Amino acid sequence: MDIFSVLKVVLTFICLIVREFACNVNAQMMDCLESDREALVDFRKGLIDPGNRLSTWQGTNCCQWQGIICDGRTGAVITVDLHNPHPPNVGKVLQDSIPSDSSAGDRYGFWNLSGKLRPSLTALKSLRHLDLSFNSFIGIPIPSFFDSWENLQYLNLSNAGFSGVIPPNLGNLTSLQYLDVTDYDLHVLSAENLDWVTGLVSLKYLAMSGVNLSVVGSNWAGQLNKLPHLTELHLYSCLLSGSIASPISVNFTSLAVVDLSFNSFNSRFPAWLANISSLVSLDVSFSSLNVGRFPHAFSELPNLRFLKLVDTFNKARCSKIFTGSWKKIEVLDLSFNRLYGKLPASLGNMTSLTYLSLYWNDIQGRIPSSIGKLCNLKYLSLRFNNLKGKIPEFLGGTVNCTSETPFPSLEVLVLSSNQLVGQLPNWLGSLKNLAVLDLEYNSLQGPIPPLGNLKKLVVLKLAENELNGTLPDSLQYLSELYELDVSNNHFTGIFSEAHFSKLSKLKTLYLSGNSFILNVTSFWVPPFQLESLYISSCCLNSSFPVWLKSQSDIIYLHFSNASVSGIVPDWFWDMSANLKDLNASFNQLQGRLPNPLKLSADVLDLSSNLFEGHIPLPSVPISVLDLSNNQLSGPIPNRLGEVLATTRFFSLSGNQLTGVIPISLGDMMSAQVIDLSRNNLTGSIPSNLGNCSSLKVLDLQHNNLSGEIPGSLSQLNMLQTLHLSNNKFSGEILSFLHNWSSLETLDLGYNRLTGNIPPLTGNVLPNLRILSLRSNTLSGEIPSELSNLSSLQILDLAENALNGTIPASFINLKAMAQVQRVNHYLFFGMSARHYYEESFTANLKNQFQTFTKTLSILTSLDLSGNNLDGKIPEGLMKLAGLMVLNLSGNNFTGQIPESVSELKQLLSLDLSSNKLSGPIPPSISSLSFLGYLNLSNNNLSGEIPYKGQITTFDAPSFAGNPALCGAPLDVNCIVTNSDNKTRRPNKNDGNNGFIDKWFYLSIGLGFAAGILVPFLVLAIRGSWSHAYFLLVDKTVEKILYLAGKDAMHCRNHRRFRV
């Protein structure tokens, strides 16, 4: 292009600018039409203007009024723009977005227009542009007179509060090019059909997102196909469903932008949509459109720049998706699909990418170093995949970038929830535009590299890794930091005031789960105003931290297990009025809780401290109240249940409470957990506790409660665990035990229950995992129906007065027959990260042990201390998952089944104090996990199979069996010699031969030395030889005489014993 052509273009551009400026000046200086001014004045009378936005609507020249533009030639009003200048943050929310200004909503409300829209506005005959967006015309429909403006080209009524049916006569606006009736309040506006849209022959832009289009039928695409100039189509969240009908002839030749996301089509993806060559942007995320296999035609669309297919296709291999041309692609979001395989190196060829999200897929392998070629990338999210290996230490292709550092434009980097290992690469510290860095929930190791150059960093998330060392001093220079989360790593070191000196914008601080020491002076005033502070397990090592007094904005405060002691100051209870979540558990806080408890907290956890006094009454409803494991005393307040009517988690366990359970607890209709265990409560269970229909956990164990267990508890259909053990309950069981289909634990042990065990079946209790009726006075036989409890892993009927035999049907206890290899953490009533942790105390290895974390893999059958008789059923030996078997203290007869060796998971076996007879099966020695064995006090006989695992047990395991012999007992077994003589060998006989050989050899060597040494001496001195040999002869003669006498004595002794 020559210089004259360039000058021509520049001059043309300048002329256009001058013309536009002149037109605007003329429009401002020319008086508006009197009819238009009067129409506007009348229109204003119907409006409510709290922000006085229309204060300029005075005088005769309406062309100078705010929001009004006139035609520069005629003075006619052509534009009325009354949109809210401060709209709120509405619409689609981007994942991992940067925190926004919270004051925007306040400004939005202040600048809202509302009231009525008077028809006088129709007098503006030349009107071309009308914008009423983001106002509050709540409860009124879109006026039907809007079709009066035949010259109208732009109509924006989005998010203005209109409701009802969109008037079909809008289809008369044949000049309209832009129509926006978006409703992010969702579905307040509706349309009965889209036939009227076909009249908008000039339309280029149509936005109806949030409008209820559920009844428009499946031919809506065919109706829109009649708009030849349509360029943009926005139908986000319109309740569209069913298939998308394919037009006979696709006329969308100008269509560039399509948004059909968040609908419910539940149909195949329309293939014709992927073949529109003019397509620039397509979003069908969460629309229930089944793409099937990824349509590779997308990668070849010449103009495609923006593609969002979130939760859209079934399965696709990464290597095939990223090998297409993708010539102009800038935004690619394939999150929530089933992408699998490794990311190919060709991903680095998509150099136009600015936004890439592959969140929540099944991508494996390493992150390719070729991503360094993506110089324009601003957003990268690979969260929730199965990526392994290290984050690339060196990035390839960065030489092609204009900047010397990698990712010069990157603002958001999210690699969390993968399986990444290794150290953090140093190049992370050079991402000068980075605002969000999220690497949490991996297995990254080592220290944090210097990050002082990340001057724009707003969010730093490194939680749930294996990082160690101290936090770098460079963190103090991140002055824009809003959120810092390094919780649950292995960090150490001291946090001083200097670390926080420049973090004035910090709002969220997570340091929990490390070994930090917070070392600040008592008069320190932090430069920030936190909203969330989590410093649990950090060492404050002081009395109550005074610096918290300055944090007036704090909403979430956790300092559990932080070595804080002393009395809580009064100022803290005053400032806590703003708290929504307070966790100060596992400290040594003292004093009395204020009553009433003036907190606005939705969650209050003060458990495991040293608080004294009475239970306070909260002044406001609360979701979680945990005051367990303190030194609180006195009765539970009578009105407490009324105040806690909306509480979901309630625990007063482990205190010194007395008195009765107040009837008001029956008003806790929202409660999922009620835990009053380990107190000194008396009286009976209020029958109206059966009204707590949401209850999943009721724990009243270890009190002094008495009376019968009320039958009203059977109304608790959602109950999952019931602990009533260690009380004084009486009566029979049957009256309250039914309709508990969700129950997993039933613990009624250590009470005074009588009668027979009810015939519980899997139909009544299909999920029952633990059944304990231990130490009551139950009688009768064990019902065979218990074998139908297919989920039962722990059955404890010990120390009752049961009789009869063990049901042969116990072979059908399915959960005991299976080896429990997967440990499931048993917790119930989850609410705001608080839950009831299931626990159970079982007799294992003759010791009572409490199980919590590993309870789900424990299988135990304890029938000890009853009057059961008969033989031990062979079927019990088929319960291959059994870890504890205790049948002691009964009257069982017969032999120990040889098939006991099939119980390969057995840790503890107690058959003591029965009437068992016969030999101990040799196969028992193969139970390699057996850690406790008690066969004492029976009538067992024969030699103990002392080999394998049996050699780990001492004599008490076999005591009280007179006919047992062999190690480890001091009783020798009778064996037969080759000459049919019998003897009792010593238990060490098997090793004596070897020992004797060495003994005699040493004697022989010593004897030889004793002969040879004197012989050599005497050979030199002949005069000594006669005296020496005379002494030797006499000594040998005496030894032979004594040896013969001893041999004769042994033979006589053996003959006598036989």
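This is a predicted model: local features need pLDDT of at least 70, side-chain atom pairs count only at pLDDT 80 or more; totals for chains, interfaces and linings use all residues.
Two strands pair if DSSP finds at least two bridges between them. I took strands as DSSP runs of E with at least two residues and helices as runs of H or I with at least four, numbered from the N terminus.

Residues count from 1 along each chain as its sequence is written, and side-chain values use heavy atoms, without hydrogens and water.

**Sheet.** I looked up an open sheet of four strands; its order is β27-β29-β31-β33, with parallel pairing. β27 (445-446) and β33 (515-518) stand at the edges with a single partner strand each, so one side of each has no neighbour in the sheet. Inside the order, β29 (residues 466-469) pairs with β31 (residues 490-495) over two bridges. Glycine 469 sits opposite phenylalanine 491 in β31.

**Helix α2.** Which residues of α2 are buried? I found Asp36, Arg37, Ala39, Leu40 and Phe43. Buried means under 20% relative accessible area (1.4 Å probe, protein chains only). Down the axis of α2 they fall within an arc of 160°, taken from the directions from the axis to the C-beta atoms, so they line one face. They pack against β1 (47-48), β2 (68-70) and β3 (77-81), with contact meaning heavy atoms within 4.5 Å.

**Serine 677.** I placed serine 677 in the loop between β46 (673-675) and β47 (697-699). Serine 677 is buried, at 0% relative accessible area. Its side chain makes polar contacts (here N or O pairs within 3.5 Å, one able to donate a hydrogen and the other to accept it) with the side chains of serine 653 at 2.9 Å and aspartate 675 at 2.7 Å.

Key: Buried means under 20% relative accessible area, exposed over 50%, partly exposed in between (1.4 Å probe, protein chains only).
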